[in-house]
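Here are some notes to go with the model, in the order I would look at things. Please have the viewer open beside them.

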Amino acid sequence: MAVVPDDVTLLGREREKQVLDDLLAAVRQGSSRVLVLRGEPGSGRTALLDHLGAGAHGLDVLRLTGTETETDLPFAAVQRALLPLAPRIAALPAPQADALRTALGTSSGPAPDRFLVSLAVLSLLAALSDDAPVLVLADDAQWLDRESLDLLAFEDLDDVALADVVVVFEGHAAFLAGLHFLDLV
């Protein structure tokens, strides 16, 4: 089986690769960014996400993928992405830590307050970015549960080296209105 170099799958995508490289440079300098890659199936969304992940040397990369079967399961995507960081949750303020543990299913209790869970995730990612810039890659965002998606769709944050790159099908991005889009044609 022949190995296809990354650049072959991205022929004609120099503009898009430059946007992604600029995003990585900004995050390495301590900025935060949110970018939505929007395009039709087969337009190269996932290949560009893979390219971005491959170039993220020195960054902590969290990757999640939406699945149709989990669309109605609150925090399902966040659970998969953040579970490896569970030991760091103890450093959060107690109300945030309790809410996040419940959302991740590592603790029982009533449904957690979404604001506290959001605050806990942002606090956790901010703490993680103290060690190295953080890159969150979310593929097939149109199938993410609403709670996980809300956590990804933040505005730029001050003093946090964090980038979220969200990939979504054309026609399914209304829920991300107001964010910066890179349309793939």
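Which residues does Asp 145 touch, not counting residues up to four places away in sequence?

1. Asp 145 touches Glu 70, Thr 71, Leu 73, Pro 74, Phe 75, Ala 76 and Ala 77, where contact means heavy atoms within 4.5 Å. Before going on, a word on the basis: this is a predicted model, in which local features need pLDDT of at least 70 and side-chain atom pairs count only at pLDDT 80 or more, while totals for chains, interfaces and linings use all residues. Residues are numbered from 1 along each chain as its sequence is written, and side-chain values use heavy atoms, with hydrogens and water left out.

2. Asp 145 sits in the loop between E3 and H7 (helices, H or I of at least four residues, and strands, E of at least two, are DSSP runs numbered from the N terminus). Asp 145 is buried but has no salt bridge. Here buried means under 20% relative accessible area, exposed over 50% and partly exposed in between, with a 1.4 Å probe and protein chains only; a salt bridge puts a side-chain nitrogen of Lys or Arg within 4 Å of a carboxyl oxygen of Asp or Glu. The nearest side chain of opposite charge is Arg 80, 6.4 Å away (Lys and Arg count as positive, Asp and Glu as negative; His and the chain ends are not counted).

3. Phe 75, in the loop between E2 and H4, has a positive phi near 65°, and Asp 140, in the loop between E3 and H7, has one of about 55°. Most residues other than glycine have a negative phi. Phe 75 counts as buried because its relative accessibility is 6%; Asp 140, at 16%, counts as buried too.

4. The largest nonpolar core has 38 residues (buried Ala, Val, Leu, Ile, Met, Phe, Trp, Tyr and Cys joined through side-chain atoms within 4.5 Å). Among the members that touch the most others are Leu 64, Val 121 and Leu 144. H6 gives the most to this core, with six residues. Apart from it lies another core, of 20 residues, including Leu 20 and Leu 137.

5. Finally, H6 itself. Its buried residues, among them Val 117, Leu 124 and Ser 129, pack against E2, H4, H5, E3, H7 and E4.
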